[in-house]
Amino acid sequence: MQLPTPMAPLKLGTRGSPLALAQATETRARLAAAFDLPFEAFEIVVIKTTGDRIIDRPLKEIGGKGLFTREIEDALLSGGIDLAVHSMKDMPVLQPGGLLLDTYLPREDVRDGFVSPHHARLADLPEGALVGTSSLRRRAQVLVAHPHLEVVEFRGNVQTRLQKLENGVAACTFLAMAGLKRLGREDVARSALDPSDMLPAIAQGAIGIERRDDDSRAAEMLSAIHDEATGQRLAAERAFLAALDGSCETPIAGLAELEGGTLHLRGEVLRPDGSQSIKDARSVPIADGADLGREMAHDMLAEAGPGFFDWRQ
């Protein structure tokens with residue numbers, strides 16, 4: 001197998017946020033360790049995406065999940081980079097022709113973290129308090145459980161959102177525990193919410209590495225760092241998402257967990273205004289996880305009926 005050398009480093013494309021850089025650094029470290037190579041054998045290339053450039057408008061107004069991946073995938077297709085490192089919860093369920101996403105690092109903490117300067121729990125917020133989030137999933141989940149609260153748009157990286165809280169833009173927000181742990185900022189969260197209270201986004205906590213489908217060198221290298229258990233869990237979750245036609249404009253949550261040879265899948269779909277939530281949970285042998293994801297999605301769509309995901313401002 002031809003491996004990268006300091007004269008021809010393997011280029012890892014990523015967004016430029018501190019979290020994205022931490023994920024690319026973890027990927028580089030795992031590849032270097034797997035092949036006993038110096039870090040210089042891998043170059044991290046920062047690519048600014050549409051979602052990074054447009055920060056003053058809600059995500060639902062400017063497009064779907066591809067907002068944070070399109071430019072990176074274009075660079076991968078053109079040969080500007082060799083691998084693309086992604087937060088899997090940002091990834092569309094379909095990849096552009098010529099690209100393949102089949103490598104996942106071991107999954108981090110899947111939970112959402114509750115972050116607030118003055119309140120210990122979401123339940124402590126007074127009536128009318130402002131909850132900041134750009135996630136339609138979190139927005140709908142908050143309004144289902146706490147209809148007395150108000151939700152305001154709240155975009156930006158971890159540092160930006162923490163500053164907004166200090167400035168009083170909102171009383172609290174939510175940040176993925178996986179991101180906080182990767183940044184060494186786990187202490188930022190007042191608490192981590194159990195998935196039974198706030199089911200996470202599909203693939204939350206997982207890092208995916210995308211490659212060109214004809215790049216045999218990349219395929220061989222990535223096979224050495226792929227985590228099979230994460231792949232099995234995401235196969236079920238992303239099949240569930242795909243069957244629901246999920247995007248940043250639809251409040252969908254899901255989590256697959258493994259126990260022995262069994263896969264347990266929980267799913268949730270919500271009306272965007274928080275007026276209704278539909279949940280389901282089922283178990284199957286691990287090999288049938290993707291089929292279960294699709295089956296659960298179809299049954300929940302049938303229960304939801306037409307217009308369930310219509311946005312009401």
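Okay, helix H5: Leu 136, Arg 137, Arg 138, Arg 139, Ala 140, Gln 141, Val 142 and Leu 143 are all buried there. That makes eight of the 10 residues in H5, so the helix is mostly covered, with buried meaning under 20% relative accessible area. Keep in mind that what we're looking at is a predicted model.

Now look at how H5 begins. Ser 135 caps the N-terminal end of H5. A side-chain oxygen of Ser 135 sits 3.3 Å from the backbone nitrogen of Arg 137.

H5 also takes us to a pocket. Which elements supply at least two residues each to the lining of the second largest pocket? They are helix H5 (136-145), strand E9 (191-193), strand E12 (262-270) and strand E13 (277-285). The volume of that pocket is about 380 Å³. There are 23 residues lining it, and the closest to its centre are Ser 196, Asp 197, Met 198, Leu 199 and Lys 279. If you sort the lining by class, you get 12 nonpolar, five polar and six charged residues. As for how you find a space like that, rolling a probe the size of a water molecule over the atoms shows where empty space is left.

Okay, on to rings. How many aromatic pairs does the structure hold? Two. Take Phe 308 and Phe 309: their ring centres are 5.4 Å apart and their planes are at 85°, so we call this pair edge-to-face. The cut-off for that label is over 60 degrees. Phe 308 has 2% relative accessibility, so Phe 308 counts as buried. There's another ring to point at, Phe 154, where Lys 164 lies over the face, 5.5 Å from the ring centre.

Next, helix H1, which covers residues 18-35. A polar atom of the Thr 27 side chain lies 3.0 Å from the backbone oxygen of Gln 23. Here's a handy bit of background: an α-helix has 3.6 residues a turn, so residues three or four places apart point the same way.

Pro 18 and Leu 292 are 274 residues apart in sequence, and 36 Å separates their C-alpha atoms.

Let me show you another pair like that. Leu 258 sits in strand E11, residues 252-259, and Leu 258 counts as partly exposed because its relative accessibility is 30%. Between Leu 258 and Gly 156 there are 33 Å, C-alpha to C-alpha, and the two are 102 residues apart along the chain.

Last topic: backbone angles. Most residues other than glycine have a negative phi, and most peptide bonds are trans. You'll find Asp 36 in the loop between H1 and strand E2 (42-46), and with a relative accessible area of 72%, Asp 36 is exposed. Then there's Ala 203, which isn't a glycine either and has a positive phi of about 65°. Ala 203 is in the loop between E9 and strand E10 (207-212). Its relative accessible area is 1%, so Ala 203 is buried.

Terms used: Residues are numbered from 1 along each chain as its sequence is written. This is a predicted model: local features need pLDDT of at least 70, side-chain atom pairs count only at pLDDT 80 or more; totals for chains, interfaces and linings use all residues. Side-chain values use heavy atoms; hydrogens and water are left out. On a 1 Å grid over the protein atoms alone, a cavity is a set of points where a 1.4 Å probe fits but cannot get out, and a pocket is an open set with protein on both sides within 12 Å along at least five of seven lines; lining residues have an atom within 4 Å of a point. Grid points are joined across faces, edges and corners, and a volume is the space filled by probe spheres set on the points. Helices (H or I, at least four residues) and strands (E, at least two) are DSSP runs, numbered from the N terminus. Ala, Val, Leu, Ile, Met, Phe, Trp, Tyr, Cys and Pro count as nonpolar, Asp, Glu, Lys and Arg as charged, and the others, Gly among them, as polar. Rings of Phe, Tyr and Trp (its six-membered ring) pair if their centres lie within 6.5 Å; planes under 30 degrees apart count as stacked, over 60 as edge-to-face and the rest as tilted. Buried means under 20% relative accessible area, exposed over 50%, partly exposed in between (1.4 Å probe, protein chains only). A charge sits over a ring if NZ of Lys or CZ of Arg is within 6 Å of the ring centre and within 35 degrees of the ring normal. A polar contact is a pair of N or O atoms within 3.5 Å; within protein, one must be able to donate a hydrogen and the other to accept it, and residues adjacent in sequence count only if both atoms are side-chain atoms.
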